[in-house]
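Reader: I would like to learn how to read features off a model. Can we go through them one by one?

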Amino acid sequence: METPGSQSSLHRANLERVVRAVRMAGSLTQAEIARTTGLSAATVSNIVRELKEGGTVEVTPTSAGGRRARSVSLSADAGVVVGIDFGHTHLRVAVGNLAHQVLAEDTEPIDVDASAAEGFDRAEQLVTRLLTSTGVERGKVIGVGLGVPGPIDVESGTLGSTAILPGWSGANPSRELSARLGVPVYVDNDANLGALGELVWGSGRGVADLAYIKVASGVGAGLVISGQIYRGPGGTAGEIGHITLDESGPVCRCGNRGCLETFTAARYVLPLLHSSHGPDLTMTEVVRLAAEGDPGCRRVVADIGRHVGSGVANLCNLLNPSRIVLGGDLAEAGELVLHPIRESVSRYAIPSAARQLAVVPGSLGGRAEVLGALALVLSEMGDSTLLDGEVARPVEERQAIA
């Protein structure tokens, strides 16, 4: 038995520290591990050798700064994780290994009015199909990350009533999907997962404080503070779409008037163009037409940018992030929307906060949320699971032990 403060417990803690650093980064050189963990180069070298002999990590030759180095990543045989993203009109699933490599990915349309049970059925079928196509046994799955377009109650795990997907209010996605797949399921809203995806793989890499703004059927923000997703005690942090811009404005679905969402979300702005562009117009088409020079679409995109910029200015004054990453279909508009956002930030934010802020488009596009779901599992899974060899056991054994 290990006692606190003993040599064996210290060694165990160092093992977990190294595994955690590699798990979160995907791969690191030994020098990077030393800088990340604060351990000495000699200690890291000994730990990496031990982890390699135990089959936990793989070491491959690489170069860093023109010098030979060794890249350390978790073993490809250690297991896989699954990401699932439910959107307003789509279901996207990805399978990845612990070295942050995506092994398979697919998306299909989904009826937004479908019941939660039907959505879970579709997700289970797509997960099974991808695992089969990659030759991965179900027992190799360590966990599943699930993104939904609405707030998750932290205490109950249920989907809040403000979710965009109708008929899902009160559903417990983690419990329902875990029962179907037989593994732990970690759930978060789509904006948080978009932030996590861009933080690990995209435009937020290397940034400790940022906000991911997603403008789609609703408007949400995923907040990263000191490198961690901030959810708030009730799980509703980042509901930037419900900042009040005009107390006499349109009635929002939340019951208030003049929320940011009523000036920016697709359901509110698309009708502005119906008379000139027809009732079947989508936000993707608006962005494309704006890029092609359509004056009406360019005006709508610019107006959305100015309103989003007002909300971003509030975030700057409160949290002082160093980067804003714009996601969703709107990000494809590039400077047509980014420039108005920056103008509003410059006008309404504290000058020092505005000067420190970079407003950039997301680099992952529609994949941000599903990649964030993979990253969610990688961040939530325990390091002891890897060190104790639990992931190599069949899922039935892991459940029996639990």
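Reader: Where does His-100 lie, between which two strands?

Author: Some ground rules come before that. This is a predicted model: local features need pLDDT of at least 70, side-chain atom pairs count only at pLDDT 80 or more, and totals for chains, interfaces and linings use all residues. Residues are numbered from 1 along each chain as its sequence is written, and side-chain values use heavy atoms, with hydrogens and water left out. Helices (H or I, at least four residues) and strands (E, at least two) are DSSP runs, numbered from the N terminus. His-100 sits in the loop between strand S5 (90–97) and strand S6 (102–109).

Reader: Is His-100 buried or exposed?

Author: Buried means under 20% relative accessible area, exposed means over 50%, and partly exposed is in between (1.4 Å probe, protein chains only). His-100 has 13% relative accessibility, so it counts as buried.

Reader: What about the phi of His-100?

Author: Most residues other than glycine have a negative phi. The phi of His-100 is positive, near 70°. Asn-320 also has a positive phi, near 55°. Asn-320 is in the loop between helix H11 (295–319) and strand S12 (323–327). Its relative accessibility is 38%, so Asn-320 counts as partly exposed.

Reader: How do I check the span of a helix such as H12?

Author: The expected span is 1.5 Å times one less than the number of residues. Helix H12 (residues 335–348) has 14 residues and should span 20 Å. Its end C-alpha atoms are 19 Å apart, which agrees.

Reader: Which residues of H12 are buried?

Author: An α-helix has 3.6 residues a turn, so residues three or four places apart point the same way. In H12 the buried residues are Val-337, Leu-338, Pro-340, Ile-341, Ser-344 and Val-345. They cover an arc of only 165° around the axis, which puts them on the same side of H12. That arc is taken from the directions from the helix axis to the C-beta atoms. On the other side of H12, Ser-346 and Arg-347 are exposed.

Reader: What covers the buried residues of H12?

Author: Contact means heavy atoms within 4.5 Å. The cover includes H11, S12, helix H13 (351–356) and strand S13 (358–361).

Reader: Which residues of H10 are buried?

Author: In helix H10 (residues 283–291) they are Met-283, Val-286, Val-287, Leu-289 and Ala-290. They fall within an arc of 165° seen down the axis, so they line one face of H10. Their cover includes helix H8 (266–269), helix H9 (274–277), H11 and H12. After H10 comes Gly-293, with a positive phi near 105°.

Reader: How many residues has the largest nonpolar core?

Author: A nonpolar core is a set of buried Ala, Val, Leu, Ile, Met, Phe, Trp, Tyr and Cys residues joined through side-chain atoms within 4.5 Å. The largest has 46 residues. Ile-33, Leu-51 and Leu-98 have the most contacts inside it. Helix H14 (residues 368–380) gives the largest share of this core, 9 residues. A second, separate core has 43 residues, including Val-219, Ala-237, Val-287 and Ala-354.

Reader: What is Leu-98 in contact with?

Author: Leave aside neighbours within four places in sequence. Leu-98 then contacts Leu-74, Ala-78, Gly-79, Val-81, Ile-142, Leu-378, Met-381 and Leu-386.

Reader: How many aromatic pairs does a search of the whole structure find?

Author: Rings of Phe, Tyr and Trp (its six-membered ring) pair if their centres lie within 6.5 Å; planes under 30 degrees apart count as stacked, over 60 as edge-to-face and the rest as tilted. The search finds 1 pair. Phe-86 and Phe-120 have ring centres 6.4 Å apart and planes at 75°, so the pair is edge-to-face. Phe-86 is in strand S4 (residues 80–86) and Phe-120 in helix H4, so the pair ties together parts that are 34 residues apart in sequence. Both Phe-86 and Phe-120 are buried.

Reader: How many disulfides does the structure hold?

Author: A disulfide is a pair of cysteine sulfur atoms within 2.5 Å. The structure holds 0. For Cys-254, the nearest cysteine sulfur is that of Cys-259, 3.7 Å away. That is too far for a bond. Cys-254 is partly exposed, with a relative accessible area of 32%. Cys-259, at 0% relative accessibility, counts as buried.
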